Amino acid sequence: MPEHVVIIGSGPAGWTAAIYAARANLNPLVFEGAISEENRQSGTLPLGQLALTTEVENFPGWPAGDLSGYLKSSLDAEHHWLADIHHKQGVSGPELMHLMRQQAKNFGTRIVTDDIAEVDLSHGTPFKLTSAGSMGEVQEIEAHSVIIATGASANYLGLESEERFKNRGVSACAVCDGALPRFRNKPLVVVGGGDSAVEEADYLTKHAERVYLVHRRDALRASPIMADRAKNNPKIELVWNSEVTEVYGDDEKGLTGVKLSSTIGEPDRDMDAAGMFVAIGHTPNTKFLKGQLDMNEKGYLKWTVPFRTNTSVEGVFAAGDVSDDYYRQACTAAGTGCMAALDAERWLAAKGL
Ligand code: NAP
């Protein structure tokens, strides 16, 4: 028997879709991704980008506080370790994601810890999905509807030293991490020259002593209004024709500075900084869908009906960052996950499936 709905992805969009689909008696099956070195390297481990962050201060309903007791009482015993390492400063990204997963599970969601490697959406419903078999058997699944919630991965510079200081000074999300104590009243570096880089830099000036916006050329890619915002903010200093080629730090303090290399042949120099925010774009996790669903020029899935999560194939819906290169927030992803489950439910009902 084909599944009613298969959800691919396990960030806020995937789990919210699962909660709604389970409560609509659709018995959802979630492929949460494989725990593999390949996924670790590409930033696509289960639980999505939030699992890579520290405190989450902007998800509604989670003000700062000590959640140890709550974590222990709400999570399955296998995840009580989260309560033991809880920082008592409000909910963390991994905690929030485990809580969402638990909530979906409580309503009967079935979870497979593997990737979907291939899909065949070309013959209509039931759609055919093939798992990667990274952690066990390869599975062939049929599904009447599919919700794609595989998210996007922030692009990083790819330096070994950058990897070492991720979550200890290196971040790709100022809104998520910028207000953390380690960055307050300290000099910070933002890498990139687009709207995101300017937005990140501008946001960081709320808390930082100074923000160095490091761009590899001598003109911003950002829109004129955003470029003016950077130029007019007295706390932002533009550092042109430069690339970060090394991140410095130690175990105790985390990141303490970066090495800047000139792209026009000037000498290298070191710069003190408590943080480096990389804003050089995101890549949606849609490689396995190439040729199956309409995407924009950057590979994000297109919503084909305004304010609905429909994709170019009837019965396939998209939610979260995989179809959003604009808002990219946990709460917007959760919102579209809810929409996708409701869209799938109505579509299945209309088809009598
Ligand atoms: P983007 O426009 O693609 O800009 C990426 C920037 O990163 C570019 O300046 C690029 O340099 C630089 N870059 C790329 N790879 C690099 C590398 N390996 N090393 C150093 N620098 C590198 O991406 P985005 O800023 O994330 O914006 C994405 C989309 O969202 C855009 O359409 C943007 O307009 C939109 N957006 C809008 C707003 C807003 O309006 N408030 C806010 C955020 C995003 P080059 O310029 O040299 O290529």
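The charged end of Arg 23 sits over the ring of Phe 107, 4.8 Å from the ring centre, where sitting over a ring requires NZ of Lys or CZ of Arg within 6 Å of the ring centre and within 35 degrees of the ring normal. Lys 166 likewise lies over the face of Tyr 156, at 3.9 Å from the ring centre.

This is a predicted model, in which local features need pLDDT of at least 70 and side-chain atom pairs count only at pLDDT 80 or more, while totals for chains, interfaces and linings use all residues. Residues are numbered from 1 along each chain as its sequence is written, and side-chain values use heavy atoms, with hydrogens and water left out.

The ligand is surrounded by 17 residues, and the closest are Asp 195, Ser 196, Arg 216, Arg 217 and Arg 221; a residue counts as near if one of its heavy atoms lies within 4 Å.

| Residue | Distance to a ligand oxygen atom |
|---|---|
| Asp 195 | 2.6 Å |
| Arg 216 | 2.9 Å |
| Arg 221 | 2.7 Å |

Taken alone the ligand exposes 910 Å², of which the protein buries 73%, with accessible areas coming from the Shrake-Rupley method with a 1.4 Å probe; for residues, only the protein chains shown count as cover.

Conventions. Polar contact = N/O pair within 3.5 Å; in protein donor to acceptor, adjacent residues only side chain to side chain.
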